[in-house]
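Hi everyone, thanks for making the time. I'd like to walk you through one structure today, so please have a look at it first.

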Amino acid sequence: MENRFILLDEDHKLLTQALETDKRFALLSDAERNGIKNRLANAELVTTADFPNNVSRLYDVITLRNIHLRQNIQYKVVPPDERDDWKGKISAISPLGILLMGVTNGQSIVLQTNKKKKHYVVMEVRNAMYI
């Protein structure tokens with residue numbers, strides 16, 4: 001069963017617009033693009049006043065634990081035009097980025113790649129607006 005996906009209405013608007021203009025999004029496979037579009041379409045949109053402070057959104061830093069490798073990794077989820085792999089900034093409209101939107105501590109996520117599944121647990125969500 002998939003967890004409820006809460007998304008800030010401002011973030012949803014920005015990401016939906018980016019789907020049309022981001023060149024890297026266009027390079028994804030049909031399945032990846034459709035998965036991202038479906039996740040955005042099924043999001044429960046909330047306003048800033050109603051957005052829970054324990055749920056991830058744009059500009060938050062998320063610490064993941066790769067279950068199989070037993071390693072932690074941090075990502076900052078950003079709009080596509082601010083992506084920087086060397087600094088751990090991942091586009092919110094990438095396959096992993098969209099999975100990190102709307103997550104909470106302790107949540108499990110599974111990233112389906114072409115050849116295998118990668119299993120992660122969210123160890124920490126540091127909200128940019130509360131730091």
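**A pocket and a helix pair**

Let's start with the second largest pocket: 15 residues line it, and R83, D85, I90, S91 and S94 are the ones nearest its centre. Do keep in mind that we are looking at a predicted model. The volume of this pocket comes out at about 280 Å³.

Which elements build the lining? At least two residues each come from α2 (23-26), β5 (89-91) and α4 (95-100). The biggest contribution to the lining of this second largest pocket is from β5, which gives three residues. Sorted by class, the lining has seven nonpolar, five charged and three polar residues.

Now, over to the helices. Helix α1, residues 9-21, packs with helix α3, residues 30-41, at an angle of about 150 degrees, and their axes are 11 Å apart. Angles over 145 degrees count as roughly antiparallel, so that is what α1 is relative to α3. The crossing of α1 past α3 is left-handed.

And who makes the contact? On the α1 side we have H12, L15, T16 and L19, while α3 brings I36, K37 and L40. By class, this contact between α1 and α3 has four nonpolar residues, two polar ones and one charged one.

That's my tour, and I'm happy to go back to any part of it.

Notes
Residues numbered from 1 in each chain as written. Predicted model: local features only at pLDDT ≥ 70, side-chain atom pairs only at ≥ 80, totals over all residues. Heavy atoms only, no water. Axes fitted to C-alpha atoms, helices over the stretch in contact; angles between N-to-C directions. Helix = DSSP H or I, 4+ residues; strand = E, 2+ residues; numbered from the N terminus. Parallel < 35°, antiparallel > 145°, perpendicular 65-115°, else oblique. Left-handed = near helix turned anticlockwise from the far one by under 90°. Contact = heavy atoms within 4.5 Å. Nonpolar A, V, L, I, M, F, W, Y, C, P; charged D, E, K, R; others polar. 1 Å grid on protein atoms, 1.4 Å probe; cavity = no way out; pocket = protein on both sides within 12 Å on 5 of 7 lines; lining within 4 Å. Points joined across faces, edges and corners; volume = space filled by probe spheres on them.
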